[in-house]
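Keep the 3D view open as you read.

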Amino acid sequence: MSEQIKNILLVGVGGQGILLASEILSEAAMLAGFDVKKSEIHGMSQRGGCVVSHVRYGTEVFSPIVPEGEGDILFGFELMETVRALPLLKPGGSVVANDLQISPPSVLMGQVSYPEGLTGRIRAQFTDFLLVDGQKMASDAGNVRAANTVLLGAVSKRLDIAEEFWVKALEKMVPLKALDINKCAFRMGREL
Amino acid sequence: MKEILSGNEAIARGAYEAGCLVACAYPGTPSTEILENTIAYKEINSSWAPNEKVALEVAIGASFGGGRALCTMKHVGVNVAADPLFTVSYTGVRGGLVLVVADDPEMHSSQNEQDSRNYAKFAKVPMLEPSDSQECKEFTRLAFDLSEQYDTPVMLRSSTRISHGKSIVELGERVTGLPLPKLEKNPAKLVMLPGNAKVRHPLVEQNLVALSKAGATMALNRMELRDKSIGVITAGICYQYVREVLPNASTLKLGMVHPLPRNLILEFAAKVDKLYVIEELDPFIEEQVKAMGIAAIGKDITSLCGELTPGRLRSAFGLPQPAVIPADDLPGRPPNMCPGCPHRGVFFSLNQLKAYVTGDIGCYTLGFMPPLSAMDTCVCMGASIGMATGVTKVVSDTEKKRVVAVIGDSTFLHTGINGLMDMVYNNSPATVIILDNSITAMTGRQDNPASGFTLMDVPTNAIDIPLLCKAVGVKNIRVINPLDLEETKRVISEEMERSEPSVIITNKPCVLIKRDDVFHKGPVYAVDADKCTGCRACLKIGCPAIEWRPAEDGSKKGKAHIDPLLCTGCDVCRQLCKFDAIGSVK
């Protein structure tokens, strides 16, 4: 049964817009006719902590959280959080990550350094690894804040949901004034 | 029509469809968003109460007046609301009365992980437990019907994974034709004096027996027979994990976890070879199943602590686990106070003054974290002031001066005010700091009786906190700007020296308040690299906008850097710099 379920993990730091990205993904999956479940933790994590959002879709989904080691796609908004979530991914899974580092408190205070060699660690274990300079591409599209949408476009290429449903989901979830830029950012991500 | 809704959104929708007229709550993760969604339905009068006890009493009143009423809270809120709960189970209802309680197994945002199902049994109130958002909506509707049918309040138990999980929900229409609320006297039922309560109690017991019998045929309790070698009794989110991990096992899915449908459980147990009970936290169902004389495996294989996950359930049944790539060598990312948070300077000062700080529940509980490290106790909402009074009753006169209670505006009005009455009444020498940031911040910026707005965003009276403290009898009340470190430290120090009760109130708002003209961002600050000596003094406030950057030549000396996107211009770091290296960017 689990073969029919797609498991996507969206990870990063509180305030990065992870919840909106996972809402768009869930909406697109529902529009495509799938059963969808999604789960994440709110509350304390809003204050700069880690955020992990789970999205699962398929014919019939039971658990709203991705069973450990069964993730198909890891969508990382921040590098260290991407590596922290690798244990959730299955061997041969895909990683689409934003090339962005956000220092945690211990690094800010100079107690430890931000870990080096993170992309090498991902590449060593996952052959389908796409590292995206989301900020740069989004500013090319017209607004640096559309970085998540660029990555979402790249993730969408790895999922069996037709483009029309993604566009409908964007139209529903993104405010009208930012819609054109986000559609453009999404298409740029899809072409990566 | 179908929509993807969170459990909390679906509960709000269910209340709407059930014809609910009143919804009342005190915010608490993971329950908060229910009332933030009932406000979308103009037919429901939604409001924040100062605490969960008042919230339940408001809902009880609405029910007694003949309207359907919803009350929501997090698990620990039921401790506060327990007093009315245990007696409204005797009075019963007029309009349907539903109490939603959201548990937090794993303590994602809580100080304990108490299992609220025990309250249903203890208070003798039926409890429903949904497994996804569709059931959240349906069970909420059903709870109102059962409440009126059986003349009892009904509890609906959620958990973090249900409340904050999202799934597809088929929307329905709001019921019509419910009786219009109007006053109706019925003292024998609603005045719980011994003579009346003695008549009501046996009715409650009869009700539970009747509900247990009816539960055997209710659609929400569902027997699903598959492979009969393994049978699992389960409820709530655990049902989803059981279906995920043991897709072929037979299940008895309980939608009503109190009272249990005894006959259905006996029937199911007789049909399967080996019986398991899978539930998070306490062996609530398991113990009752065993008391029926049925052999079952439950807490022998699952933990009493934390939440279940598909992986943990796999381990419990000895199923193979996928190989996991380790990633535990990375620096942690604990939550932190926001850049510009007005609490930061207060905790920095308390640390410097070596105060013994009795803490409370809110964003400021993060004052416990290094480098501020200025919180010594935290037990429950409103406890800081009572604890401070208690500490001063036993320690030496010198140590008494070090005792300081910290409490937020919303928590102070929740249950802290009673502690202050006691402090003045019994003349404790401790110091209280009310961290008034004009909002209930930690749960996501909800209004409260001192913020000047209602949940429906209507301007209203804002409690004058200094005046309230004066009315309680506090003689020494100081209002300070917590972003002024010199003033903050001096005033706290002076009040700590005083041998009678004193209250210090900070007056800067939460930086996340979205309402216009509340929080004002100042000019962004920057570090002058020529003046920065790398002394690290500015790092001692733990501001997320300040980063230590090692020198580029690899020598030990590094320098501070301020992230202009995060800085709010609060000015606190500038006051710490002895070398005049930090200033606002012109």
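In this predicted model, the largest nonpolar core holds 92 residues, and those touching the most other members are B:Cys20, B:Ala25, B:Ala55, B:Ala59, B:Cys71 and B:Val242. Where does this core lie? Residues come to it from both domain 1 (2-215) and domain 2 (222-316) of chain B, so the core lies between them. In soluble globular proteins, nonpolar side chains tend to be buried together.

Take B:Val242 as a place to look around. Beyond its neighbours within four places in sequence, B:Val242 is in contact with B:Val232, B:Thr234, B:Ala249, B:Thr251, B:Ile278 and B:Leu313.

B:Val232 stands opposite B:Tyr276, which belongs to strand 13 of chain B. Strand 10 (residues 227-235) and strand 13 of chain B run parallel and are joined by 5 bridges. Strand 13 (residues 274-278) is mostly covered, with 4 of its 5 residues buried.

Moving on from strand 13, the loop between strand 13 and helix 12 of chain B contains B:Leu281. The phi of B:Leu281 is near 65°, a positive value in a residue other than glycine. Is B:Leu281 buried or exposed? B:Leu281 has 24 other C-beta atoms within 10 Å, and because 20 or more make a residue buried, B:Leu281 counts as buried.

Helix 12 (residues 284-291) of chain B comes next, and its buried residues include B:Phe284, B:Ile285, B:Glu286 and B:Val289. What do the buried residues of helix 12 pack against? Their partners in chain B are helix 5 (117-123), strand 10, strand 11 (249-254), strand 12 (256-258), helix 11 (262-271) and strand 13. After helix 12 comes B:Gly293, with a positive phi near 85°.

Another cis peptide bond runs from B:Pro370 to B:Pro371, with omega near 5°; B:Pro371 sits in the loop between strand 14 (356-358) and helix 15 (383-394) of chain B. The loop between strand 5 (97-103) and helix 5 of chain B holds B:Glu106. B:Glu106 is not a glycine, yet its phi is positive, near 90°. With 19 C-beta neighbours inside 10 Å, B:Glu106 counts as partly exposed.

B:Asn427 is exposed, with 12 other C-beta atoms within 10 Å. Leaving aside neighbours within four places in sequence, B:Asn427 is in contact with B:Glu500 and B:Pro501. B:Asn427 and B:Pro501 are 74 residues apart in sequence, but their C-alpha atoms are 6.4 Å apart in space.

Step back now to chain B as a whole. Chain B has 20 helices and 22 strands, and buried residues make up 53% of its 586 residues. A compact globule with 586 residues would have a radius of gyration near 25 Å, and the 27 Å of chain B agrees with that. Among its contacts between residues at least 6 apart in sequence, 74% join residues at least 24 apart.

Chain B is divided into domain 1, domain 2, domain 3 (344-506) and domain 4 (525-584). The C-alpha centres of domain 1 and domain 3 of chain B lie 33 Å apart, and 15 residues of domain 1 are in contact with 16 residues of domain 3. On the domain 1 side, strand 3 (residues 45-48) of chain B gives the largest share, 3 residues. That side has 8 nonpolar, 7 polar and no charged residues.

Finally, look at where the two chains meet: 45 residues of chain A are in contact with 47 residues of chain B. Which element of chain A gives the most to the side that touches chain B? Strand 2 of chain A does, with 6 residues. The chain A side divides into 22 nonpolar, 13 polar and 10 charged residues. Strand 2 of chain A also pairs with strand 8 (residues 166-170) of chain B, in the antiparallel sense over 2 bridges. In strand 8 of chain B, B:Lys166 is the bridge partner of A:Lys38.

Terms used: Residues are numbered from 1 along each chain as its sequence is written. Chains are lettered from A and ligands numbered from 1 in the order in which they are written. This is a predicted model: local features need pLDDT of at least 70, side-chain atom pairs count only at pLDDT 80 or more; totals for chains, interfaces and linings use all residues. A nonpolar core is a set of buried Ala, Val, Leu, Ile, Met, Phe, Trp, Tyr and Cys residues joined through C-beta atoms within 7 Å. Domain bounds come from an automatic or database domain assignment. Two residues are in contact if their C-beta atoms, placed from the backbone, lie within 7 Å. The radius of gyration is taken over C-alpha atoms; the globule rule is 2.2 Å times the number of residues to the power 0.38. Ala, Val, Leu, Ile, Met, Phe, Trp, Tyr, Cys and Pro count as nonpolar, Asp, Glu, Lys and Arg as charged, and the others, Gly among them, as polar. Two strands pair if DSSP finds at least two bridges between them.
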